[in-house]
Amino acid sequence: MPEVSDGVGGRRSTPSAAAPKPKPTSRVRMPAAQRREQLIATGRQLFAERGFDATSIEEVAARAKVSKPVVYEHFGGKEGLYAVVVDREVRALLDRITTALTAGHPRELLEQAALALLGYIEEETSGFRVLVRESPLMSGTANFSSVMNDVAHQVEHILGAEFKSRGYDPKLAELYSQALVGMVALTGRWWLEVRKPRKETVAAHLVNLAWNGLSHLEAKPTLITSRRN
C-alpha cells in the first residue's frame with residue numbers, strides 16, 4: 001500500500017485502487033422451440049426409465065436444468081408433457097411400420113412389419129419403453145395397443161384380399177390380423193429385454209410360425225429378402 005505525507009512530517013497509508021469487478025456474463029436464453037424439444041427429450045427419457053407415476057416435474061426440471069415454471073409454461077404440467085411424448089412415439093412407430101409395407105407378397109409384408117417393429121425397438125428403445133408402460137392417462141387412441149390395432153387393420157385388408165382369392169371367408173381376416181400382429185408385438189416386448197438373437201433372426205422365426213404353422217416349421221428359417229441378396 002503506498003505512503004503519502006500527512007502534512008506534519010508523518011507518513012500514512014492510502015488504500016490502493018479497488019480491482020475492477022468482473023462483468024456479469026449474460027446467460028444465453030434457449031429459444032422457446034428448442035427448449036420445448038429439450039424438455040420433450042428429457043421427459044421421454046425419464047418416462048422410459050421410471051414410468052409416468054414415478055416421474056415428477058421436479059425431476060424433469062432438474063435434469064433439463066430449468067425451473068419448474070418453465071415446464072409448466074410449455075406443457076401445463078406432467079400430464080401435458082407425457083401426452084406429447086406418447087403422441088410422438090405413436091406416430092413414429094405407426095409411420096415406420098406403414099412405410100415398410102411395400103411388398104406385394106403377403107409373406108414379405110409380414111417380414112417387413114416384423115422388421116419395422118423390431119427396428120424401432122432397437123433404435124428407439126426409450127420411446128418403446130414409454131409406449132409399453134401402460135398409464136391411466138393413456139387414451140384409447142394414444143397407447144401401444146392402439147398402434148397395434150391400427151397396424152392390424154392394415155394387415156386385415158391385405159389378408160382379406162388374400163382370403164378372397166383363395167376362397168376363404170374374408171370375414172375371418174380381422175381375427176387372423178389381430179393374431180398375427182399380437183404375436184409380433186408380444187415377441188417384440190420380450191426381445192426388448194433379451195436382445196438376442198438378432199432382429200433378422202427373430203423376424204424370420206416369427207414369419208416361419210405365422211406362414212408355415214407349427215406342422216410345417218422350417219428348421220432354419222430365413223427372410224425372403226435375405227435369400228435374394
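The largest pocket of the predicted structure has a volume of about 550 Å³. Its lining comprises 25 residues, and those nearest the centre of the pocket are Leu110, Leu159, Leu180, Ala210 and Trp211. Two or more lining residues are contributed by each of helix H5 (106–123), helix H7 (144–166), helix H8 (173–194) and helix H9 (199–212). Of the contributing elements, H7 gives the most to this lining, with 8 residues. In terms of residue class, the lining of the largest pocket holds 22 nonpolar and 3 charged residues, whereas no polar residue is present.

Tyr176 belongs to helix H8, one of the helices that give two or more residues to the lining of the largest pocket. The relative accessibility of Tyr176 is 43%, so this residue counts as partly exposed.

Across the whole structure, 14 salt bridges were identified. One of them is formed by the side chains of Arg63 and Glu49, with an N to O distance of 3.3 Å. Because Arg63 lies in helix H2 (residues 57–64) and Glu49 in helix H1 (residues 32–54), this pair ties together parts that are 14 residues apart in sequence. Both partners are classed as partly exposed: Arg63 has a relative accessible area of 44%, and Glu49 has a relative accessibility of 39%.

A further salt bridge joins the side chains of Glu59 and Arg50 at 3.2 Å, N to O. Glu59 is partly exposed at 26% relative accessibility, and Arg50 is likewise partly exposed, at 39%.

The side chains of Lys199 and Glu122 also meet in a salt bridge, with an N to O distance of 3.0 Å. Lys199 is located in helix H9 and Glu122 in helix H5, so the contact ties together parts that are 77 residues apart in sequence. Helices H5 and H9 are both among the elements that give two or more residues to the lining of the largest pocket. The two partners fall into separate accessibility classes: Lys199 is buried, with a relative accessible area of 15%, while Glu122 is partly exposed at 37% relative accessibility.

Note on methods
Residues are numbered from 1 along each chain as its sequence is written. This is a predicted model: local features need pLDDT of at least 70, side-chain atom pairs count only at pLDDT 80 or more; totals for chains, interfaces and linings use all residues. Side-chain values use heavy atoms; hydrogens and water are left out. On a 1 Å grid over the protein atoms alone, a cavity is a set of points where a 1.4 Å probe fits but cannot get out, and a pocket is an open set with protein on both sides within 12 Å along at least five of seven lines; lining residues have an atom within 4 Å of a point. Grid points are joined across faces, edges and corners, and a volume is the space filled by probe spheres set on the points. Helices (H or I, at least four residues) and strands (E, at least two) are DSSP runs, numbered from the N terminus. Ala, Val, Leu, Ile, Met, Phe, Trp, Tyr, Cys and Pro count as nonpolar, Asp, Glu, Lys and Arg as charged, and the others, Gly among them, as polar. Buried means under 20% relative accessible area, exposed over 50%, partly exposed in between (1.4 Å probe, protein chains only). A salt bridge is a side-chain nitrogen of Lys or Arg within 4 Å of a carboxyl oxygen of Asp or Glu.
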